[in-house]
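Subject: Structure for you to look at

Hello,

Here is the structure I promised you. Please open it first, then read my notes beside it.

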Amino acid sequence: MIPRERCAYSAIVDRPPLKLPKQRADRVWTVVNLEFWSISRPMARQVLPAPTGEVLLPDVPNWVLARVRQCGSASGVSSIFRALGNPPTPSINARVCENTVAVARAARDAGWEFMGHAWEQMPIHKVEDQAEMIAKSLDTLARFAGARPVAGSARA
């Protein structure tokens with residue numbers, strides 16, 4: 001379904017002013033991506049194109065660069081824990097709960113409210129059984145975090 005089929009268009013200048021709770025004029029919702037990338041698929045962000053012009057699997061050079069980014073986020077996430085006064089929402093691939101357990105555990109133990117972001121990082125339209133993948137992801141997050149992510153939930 002394309003966006004205009006979901007809801008009617010409305011220009012921001014035609015909408016009523018947004019009223020925030022407690023007369024606050026500012027809100028910040030911090031979302032931190034916690035992702036798992038698999039070596040078995042082409043990398044979404046290829047820095048080094050294959051010399052043949054065809055994606056090679058496993059795409060070792062680009063996967064290694066992704067792992068370096070993951071290591072940066074894995075070590076950098078501890079800085080996020082220290083820096084933020086309010087818990088952010090992790091947009092988390094459920095597979096992180098099995099493959100990067102220390103990061104997922106730290107987020108859970110810090111009181112972050114998990115927001116499901118698929119099983120692992122990949123184009124979801126290429127998943128043959130999307131409903132099964134979504135159920136598997138939500139079940140994994142529920143077991144790990146102790147609460148199932150709820151559609152539309154957000155901290156005020």
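**Aromatic pair**

Across the whole structure, the search turns up 1 aromatic pair. The two rings belong to Phe114 and Phe144; their centres are 6.4 Å apart and their planes meet at 20°, so the pair counts as stacked. The cut-off for stacking is under 30 degrees. Phe114 sits in the loop between α4 (101-109) and β3 (115-116), while Phe144 sits in helix α5 (residues 130-145), so the pair ties together parts that are 30 residues apart in sequence. Are these two residues buried or exposed? Both Phe114 and Phe144 are buried. Please keep in mind that this is a predicted model.

**Charges over rings**

Arg108 lies over the face of Phe144, 4.6 Å from the ring centre. Trp119 has a charge over its face too: Lys136, at 4.1 Å from the ring centre.

**Salt bridges**

How many salt bridges are there? The count is 3.

Start with Arg95 and Glu120. Their closest N and O atoms are 2.4 Å apart. Arg95 is in the loop between β2 and α3 (96-99), and Glu120 is in the loop between β3 and α5, so this pair ties together parts that are 25 residues apart in sequence. Arg95 has 22% relative accessibility, so it counts as partly exposed. Glu120 has 6%, so it counts as buried.

Next, go back to Arg108. Besides lying over the face of Phe144, Arg108 forms a salt bridge with Asp109, at 3.1 Å from N to O. Arg108 is partly exposed because its relative accessibility is 28%. Asp109 is exposed, with a relative accessible area of 56%.

Then find Arg148 and Asp139. Here the closest N and O atoms are 2.8 Å apart. Arg148 is partly exposed, with a relative accessible area of 41%. Asp139 is partly exposed as well, at 35%.

**Overall fold**

Now step back. The protein has 5 helices and 3 strands. Along the sequence, the pattern reads α-β-α-β-α-α-β-α. What share of the 156 residues is buried? Buried residues make up 24%.

**The sheet**

The 3 strands form an open sheet, in the order β1-β2-β3, with parallel pairing. Which strands are at the edges? They are β1 and β3, and each of them pairs on one side only. Strands of a sheet pair through backbone hydrogen bonds. Look at β1 beside β2 (residues 89-92): the two run parallel, and 4 bridges join them.

**A nonpolar patch**

Last stop, the surface. Ile39, Val60 and Val64 make a nonpolar patch of about 200 Å². Ile39 is in the loop between β1 (31-34) and α2 (60-83). Why does Ile39 count as partly exposed? Its relative accessibility is 31%, and partly exposed covers values between the buried limit, under 20%, and the exposed limit, over 50%.

**Where to begin**

Then follow Arg108 to its salt bridge with Asp109.

Best wishes

Technical notes: Residues numbered from 1 in each chain as written. Predicted model: local features only at pLDDT ≥ 70, side-chain atom pairs only at ≥ 80, totals over all residues. Heavy atoms only, no water. Patch = residues over 30% accessible without salt bridge, like charges linked within 9 Å, V, L, I, M, F, W, Y side chains within 5 Å. Areas by Shrake-Rupley, 256 points an atom, 1.4 Å probe, with all protein chains shown as cover. Salt bridge = Lys/Arg side-chain N within 4 Å of Asp/Glu carboxyl O. Buried < 20%, exposed > 50% of the residue type's maximum accessible area, 1.4 Å probe, protein only. Phe/Tyr/Trp six-rings, centres within 6.5 Å; stacked < 30°, edge-to-face > 60°. Lys NZ or Arg CZ within 6 Å of the ring centre and 35° of its normal. Pairing = 2+ DSSP bridges.
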